[in-house]
Amino acid sequence: MAIVKNIYLRLYFFVMLLYVFFNKGVAYSFLVEILFAGGLFLFFFLRREIEITWNKRTKILLAFILLSILYLLIGSLNYPLIHIIRDSFVFQYAWFAYILFLFKEEQRYIWDKLFIIYKWFPVIALLNFILQYFVPFVASTAIFGSIPIMLYKNGDMGVHLLISTIFLFLFPDRYSSKWKAGLLFLIVFNFIVVSAYSRSGMLSYLVGLICFFVFTKDQILKSNSKYFLKYLPWIMLVIVPLFLTINVGENFQGRSAGFSQLGQNVGSIVGAADDANLENNEIWRLLWWGKIIDYSFTPEYFFTGKGLGMSLAQTDDIKADDDLRSPHNFHLTIMARFGVIVFCIWIYWLVLLFKPMFKRKLVGKQMAISCILLAFVINASFDVFLEGPMGAFPFWTFVGLLFISEATKEDQSLPPTNS
């Protein structure tokens, strides 16, 4: 069984690499779902060997999983099973947080694999931008289903860029001087591109990074951060002229890479944009969110929500993609499908998750994971992110990594660095 576990763990991070590097382009490969089934088999076969640290967070999370199974059974009476199972993964993906308890003693291996993935991610992000907008043949090539392999959601990319940035601050001694310089350049360039295309990606990155600076009490992390930030003005002197020369077409949302679009996105966040596409995008979301809140506070849906199986866009009479099942807000997806009580418990779970960070109780890796998870949650507040494998798989992996790091009492502090 040790061999099987070893193979599974290697496969786990190979699939993680594919989803981080290719995002929506591999969403219909169903590799995460296969990994999910294999992980559940191992979890229940080896359940006597697993020592889960039970506290409020792990208990509430298990309650969410069990509740979604109950809703799955109820929904099967009225809707196609495939739709109900798909909707139940709102919480079912959280099994990955428990599956990682099988590998509590493999934390060094896990961190090494994550380091490799995010060391190369800024390079892959740049290649994605070049191929998607300048090489039409590659941009339109689909391997899994009808989704082009290079199609990457820019909000998701902002979250993964944050992880690459935080890893650069966490492990500066693991990069050569050239890698540090090149990586910092690529991160800044990719962030500007992401910010032009996605407000949620920009916001997720900035909030996560600011929290990383503000709430850490780890002086080594602060020193590492300052070391890199002092080079930022020089990098911008190169990137700004380069960015001004970029001329690519609009994406499917009518946005293009450029400082004009970037300014519109920043303005829209503070309510000062005059871009019609941005305004229309905000209006239909706000109308839908308001509608969900209105009917959720009625006797019919307050305690149970609408359940699983239906397309929320259709039942809520929203003129959007017929296949759109979630309102671009993970928290309101929970409210609409499970009711207000479960929504409040979910918010309480998030408070428990982030409270140690905001109280400045975390250092090193646990501090890094908390900021990363916050970025995931912010992006999930404006997009269909944690409902699908592209966001849920890495999110619950980092949740599990946080849980097992607490369970093993591993020293989270960082050694001094010569950066």
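**Salt bridges, helices and surface of a predicted model**

Reader: With which side chain does K153 meet in a salt bridge?

Author: The side chain of K153 pairs with that of D383, at 3.4 Å from N to O. A salt bridge here is a side-chain nitrogen of Lys or Arg within 4 Å of a carboxyl oxygen of Asp or Glu. The pair links distant parts of the chain, 230 residues apart: K153 is in the loop between helix 7 (136-139) and helix 8, and D383 is in the loop between helix 18 (364-380) and helix 19 (389-407).

Reader: What am I looking at, and how are the helices defined?

Author: This is a predicted model, in which local features need pLDDT of at least 70 and side-chain atom pairs count only at pLDDT 80 or more, while totals for chains, interfaces and linings use all residues. Residues are numbered from 1 along each chain as its sequence is written, and side-chain values use heavy atoms, with hydrogens and water left out. Helices (H or I, at least four residues) and strands (E, at least two) are DSSP runs, numbered from the N terminus.

Reader: Are K153 and D383 buried or exposed?

Author: Both K153 and D383 are buried. Buried means under 20% relative accessible area, exposed over 50%, and partly exposed in between, with a 1.4 Å probe and protein chains only.

Reader: How many salt bridges does the structure hold?

Author: There are 6 salt bridges in the structure. One of them joins R174 and D112, at 3.1 Å from N to O. This pair also links distant parts of the chain, 62 residues apart, with R174 in the loop between helix 8 (154-170) and helix 9, and D112 in helix 6.

Reader: And how accessible are R174 and D112?

Author: R174 counts as partly exposed because its relative accessibility is 38%. D112 is partly exposed as well, at 28% relative accessibility.

Reader: Changing topic: how do helix 6 and helix 9 cross?

Author: The axes of helix 6 (residues 107-134) and helix 9 (residues 177-197) come within 9 Å, and they cross at roughly 45 degrees. That makes helix 6 oblique to helix 9. Axes are lines fitted to C-alpha atoms, for helices over the stretch in contact, and angles run from 0 to 180 degrees between N-to-C directions. Angles under 35 degrees count as roughly parallel, over 145 as roughly antiparallel, 65 to 115 as roughly perpendicular, and the rest as oblique.

Reader: Is the crossing of helix 6 and helix 9 left-handed or right-handed?

Author: Helix 6 passes helix 9 in a left-handed crossing, the term for a near helix turned anticlockwise from the far one by less than a right angle, with clockwise giving right-handed.

Reader: Which residues have a positive phi without being glycine?

Author: F30 has a phi of about 60 degrees, and H328 also has a positive phi of about 60 degrees. Most residues other than glycine have a negative phi. F30 is in the loop between helix 1 (2-22) and helix 2, and is partly exposed at 47% relative accessible area. H328 is in the loop between helix 15 and helix 16, and counts as buried at 13%.

Reader: What about the surface: which residues form a nonpolar patch?

Author: M1, V4, F41 and F45 form a nonpolar patch, with about 410 Å² of accessible area together. F41 lies in helix 2 (residues 31-45) and is exposed, at 52% relative accessible area. Patches are made of residues with over 30% relative accessible area and no salt bridge; like charges are joined within 9 Å, and nonpolar side chains (Val, Leu, Ile, Met, Phe, Trp, Tyr) within 5 Å. The areas come from the Shrake-Rupley method with a 1.4 Å probe, and for residues only the protein chains shown count as cover.

Reader: Finally, where is S204?

Author: S204 is in helix 10 (residues 199-215) and is buried, with a relative accessible area of 0%. Its C-alpha atom is 6.6 Å from that of G158, which is 46 residues apart from S204 along the chain.
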